[in-house]
Amino acid sequence: MSHYSVWSVLREGLRGQTGWDRAWRDPAPKSEYDVVIIGGGGHGLATAYYLAKNHGITNVAVVEKGWLGGGNTGRNTTIVRSNYVQPVSTQFYEHSVKLWENLSHDLNYNVMFSQRGQLGLFHTPAARDAQAKRVNTMLACGIEAELLNREQVMKMVPHLDYSENARFPILGAILQRRAGTARHDAVAWGFARAADKLGVDILQQTEVTGILREGGRAVGVETSRGTIRAKKVGVAVAGSTGHVMAMAGLERLPIESHKLQAFVSEPLKPLLDCVVSYGAPGSHFYISQSDKGGMVFGGDLDFYNSYAQRGNLPIVQDVAECAMAIMPCLGRVKLLRHWAGIMDMSMDGTHIMSKTPVDNLYMNAGWCYGGFKATPASGWHFADLIANDRPDDLTAAFSLDRFERGYTIDEKGMGPTPKLH
Amino acid sequence: MIRITCPFCGTRDHSEFSYGGDATVDYPPLDASMDEWNAAIYRRSNPRGPHKEYWHHVNGCRAWLIVERNTLTHEVGAVTFAHPGLRKTVENSA
């Protein structure tokens, strides 16, 4: 398989683009693997890659029902940041940002990570205090962050609504300069290609229909292409976590599946060179501009349990109102597409990366709004958990039993109401 | 748009309602075991298919309802009042 470089681009330019190989193989399933990962999204593929790269475990299969990155990896607004309030979340996402920073080189695949900065606007003195606290948490964790006043925000993004009668008067913003966006599909494809190169089998169009157990241990999976035995099974299926874990007898988890919509407009000339987000009571909005020029944005969940990957109209209206409240210049922009992904909303708003009551079965779920930005760190730490059969120092906090032990990680202080996280 | 037939107000858009979560969860008595309370507060069956759930007709009659809805197709089935006394009264008067 060829190495991508400026020379390969030049060579193929001269050869009429006839020499490119497949980016990854399409192998038949083997009867047994050391590790089977269920779910061929960013997290599953990243886990397979780091199992091979960090732990030398290359006899690995990633089993995907549809196509790579067809779930939430391809349905998000591609924002990457690490400005959290809970120190353990901040550290986790900061590890992710650090991995993002070198990911294109590491994978030899351009994931188009663009550290264009993220502005989190605030509109009240109380919200300013909360963001100042967030800046302090980040600084205490060794992550740069800045608190901007209104004038500084005006200078950075002059075309927000700064008028006297603005619905949400802008008092300032928290700025993380190293935050940004990445190309969502490229992340799945880059991890797939790099994992495949290290020997991982990627099995698309292969639906898991059952999890094989013997004496309280997971020993493989039943799939639409036959039985595949495995020494260890990792589950990284986002919104379908409950559905898949039920196959292993784990019927009730601290997760509800909700849908979250995202939107993209027709392409515009360069308008916004950073990510802007805000969340005042009753509104939640984040927007950036893709390299193709489309305004990519989103808001709240649809607010009821759902596995339907399509959104409802009241939220379309809400998000449009949020957009108009902060960027009135978008008023005549046409919407190109909108779609929904199934979020695995956990009971405390933080992900679960854990061993399970079934030996050799590991779960990686509950990512709420934060799955895309977590992709590399999720794979890194989940691979470590599977390889060593114990959580590392950082992952221990994200265990499944934290709820019953009383160690929830409730970023927003919302309590056990998944739709509010 | 999901449409819910409120037993008091009739068929309305779901934007009139506020979602209240899984209606199969029963809170145990105060002196119940830690595990029973953990199950009630944190563990959900989260089914892909038929789901019994609470909706509050917050922009209508303000009654709490139990709605049977399919989480995959969004098809709405039976709708009743959540309050057992109210449910009984309506059933008796029908």
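Predicted model: local features only at pLDDT ≥ 70, side-chain atom pairs only at ≥ 80, totals over all residues.
**View 1. The meeting of chain B and chain A.** Here we look at where the two chains touch. Chain A brings 27 residues to the contact, and chain B brings 23 residues. Together they bury an area of about 2300 Å², with carbon and sulfur atoms giving 50% of it.

**View 2. A salt bridge between the chains.** Look for A:Glu404 and B:Arg43, whose side chains meet in a salt bridge at 3.5 Å, N to O. One salt bridge is found across the interface of chain B and chain A. Polar contacts join in as well, with twelve residue pairs found across this interface, both partners at pLDDT 80 or more.

**View 3. The side of chain B that touches chain A.** Which elements of chain B each supply at least two residues of this side? They are β3 (18-22), α1 (34-42) and β4 (50-56). Helix α1(B) gives the most, with three residues.

**View 4. The largest nonpolar core.** This core has 50 residues, and those with the most contacts inside it are A:Leu45, A:Tyr50, A:Phe92, A:Trp100, A:Leu107, A:Phe191 and A:Val200. Several elements of chain A each supply at least two of its residues, namely β1 (32-38), α2 (42-55), β2 (60-63), α3 (87-101), α4 (103-107), α7 (184-197) and α10 (371-388). Another core, of 31 residues, lies apart from this one, and A:Tyr33, A:Val244, A:Ala248 and A:Phe403 are among its members.

**View 5. The surroundings of A:Leu45.** Now we settle on one residue of the largest nonpolar core, A:Leu45. Setting aside neighbours within four places in sequence, A:Leu45 is in contact with A:Gly39, A:Gly40, A:Val62, A:Leu68, A:Ala188, A:Phe191, A:Ala192, A:Ala195 and A:Ile202.

**View 6. A:Thr47 in helix α2 of chain A.** Is A:Thr47 buried or exposed? A:Thr47 counts as buried because its relative accessible area is 0%, and buried means under 20%. Not counting residues up to four places away in sequence, A:Thr47 touches A:Ile37, A:Asn364, A:Ser378, A:Gly379, A:Phe382, A:Ala383 and A:Ile386.

Terms used: Residues numbered from 1 in each chain as written. Chains lettered and ligands numbered in written order. Heavy atoms only, no water. Contact = heavy atoms within 4.5 Å. Buried area = accessible area lost by both parts, 1.4 Å probe. Salt bridge = Lys/Arg side-chain N within 4 Å of Asp/Glu carboxyl O. Polar contact = N/O pair within 3.5 Å; in protein donor to acceptor, adjacent residues only side chain to side chain. Helix = DSSP H or I, 4+ residues; strand = E, 2+ residues; numbered from the N terminus. Core = buried A, V, L, I, M, F, W, Y, C linked by side-chain atoms within 4.5 Å. Buried < 20%, exposed > 50% of the residue type's maximum accessible area, 1.4 Å probe, protein only.
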